[in-house]
Amino acid sequence: MTRLSLFNSPLLLGFEEFERAVDRISKNADGYPPYNVEQLAEHRLRITLAVAGFAEEDLTVQIEDNQLVVRGKQQDDTQRNYLHRGIAARQFQRSFVLAEGIEVTAASLDKGLLHIDLERPLVQPQVRKIKIDSKESQSGESPSIQDIRKGE
């Protein structure tokens, strides 16, 4: 059976990486730990994960390729004798695919909440003019491309 995708259109060229990112997101369906994503300012975001019971040394925050990966791993306390254990020492991995240019600026742990601050730098629009060569004027060189700056 053939899988249909939004990116199969012949008008969308070079979006294979986005399709792979969407596949990665859909495979990461585990709901633990719960998280919020909030917009702090026009170009600033914060991801907050509920990681109660995890100490700073139990958590890692890394960027792998274009993914923000948060991992938590607790050690089992073998010194305690539990009569009932409803709070398990568990591990998790939560991944967020980052758009091109987004930077992680800070991470902090406060009252069981892990806050990760992100910043999206302002992107300047760019227009390029591509020179069209006719067959008579081609000398074996590739076409030239010129940057056109807005307001120049």
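1. His115 sits in strand β7, residues 113-119. Strands here are DSSP runs (E, at least two residues), numbered from the N terminus. The model is a predicted one: local features need pLDDT of at least 70, side-chain atom pairs count only at pLDDT 80 or more, and totals for chains, interfaces and linings use all residues. Residues are numbered from 1 along each chain as its sequence is written, and side-chain values use heavy atoms, with hydrogens and water left out.

2. Is His115 buried or exposed? His115 is buried, with a relative accessible area of 14%. The cut-offs are under 20% for buried, over 50% for exposed, and partly exposed in between (1.4 Å probe, protein chains only).

3. Next, its surroundings. The His115 side chain makes a polar contact with the side chain of Thr48, at 3.0 Å. A polar contact is a pair of N or O atoms within 3.5 Å; within protein, one must be able to donate a hydrogen and the other to accept it, and residues adjacent in sequence count only if both atoms are side-chain atoms. Setting aside residues up to four places away in sequence, His115 touches Arg46, Ile47, Thr48, Ala106, Ala107, Ser108 and Asp110. Contact means heavy atoms within 4.5 Å.

4. Which strand pairs with β7 in the antiparallel sense over 7 bridges? That strand is β2. Two strands pair if DSSP finds at least two bridges between them. Ile47 has Ile116 as its bridge partner in β7.

5. Strand β2 (residues 44-50) is also joined to strand β1 (residues 35-41), by 6 bridges. These two run antiparallel. They form a hairpin, with 2 residues between them.

6. Asn36 lies in β1. Its bridge partner in β2 is Thr48. Beyond its neighbours within four places in sequence, Asn36 is in contact with Arg46, Ile47 and Thr48. Asn36 and Arg46 are 10 residues apart in sequence, and 8.0 Å apart in space, C-alpha to C-alpha.

7. Now an open sheet. It has 3 strands in the order β3-β4-β5, with antiparallel pairing. Why is one side of β3 (59-64) and of β5 (91-97) left without a neighbour in the sheet? Each stands at an edge and has a single partner strand, so one side stays without a neighbour. Neighbouring strands of this sheet are turned by 15° against each other on average, direction ignored. Axes are lines fitted to C-alpha atoms, for helices over the stretch in contact, and angles run from 0 to 180 degrees between N-to-C directions.

8. Within that sheet, 6 bridges join β3 to strand β4 (residues 67-73). Leu59 has Gly72 as its bridge partner in β4.

Key: Helix = DSSP H or I, 4+ residues; strand = E, 2+ residues; numbered from the N terminus.
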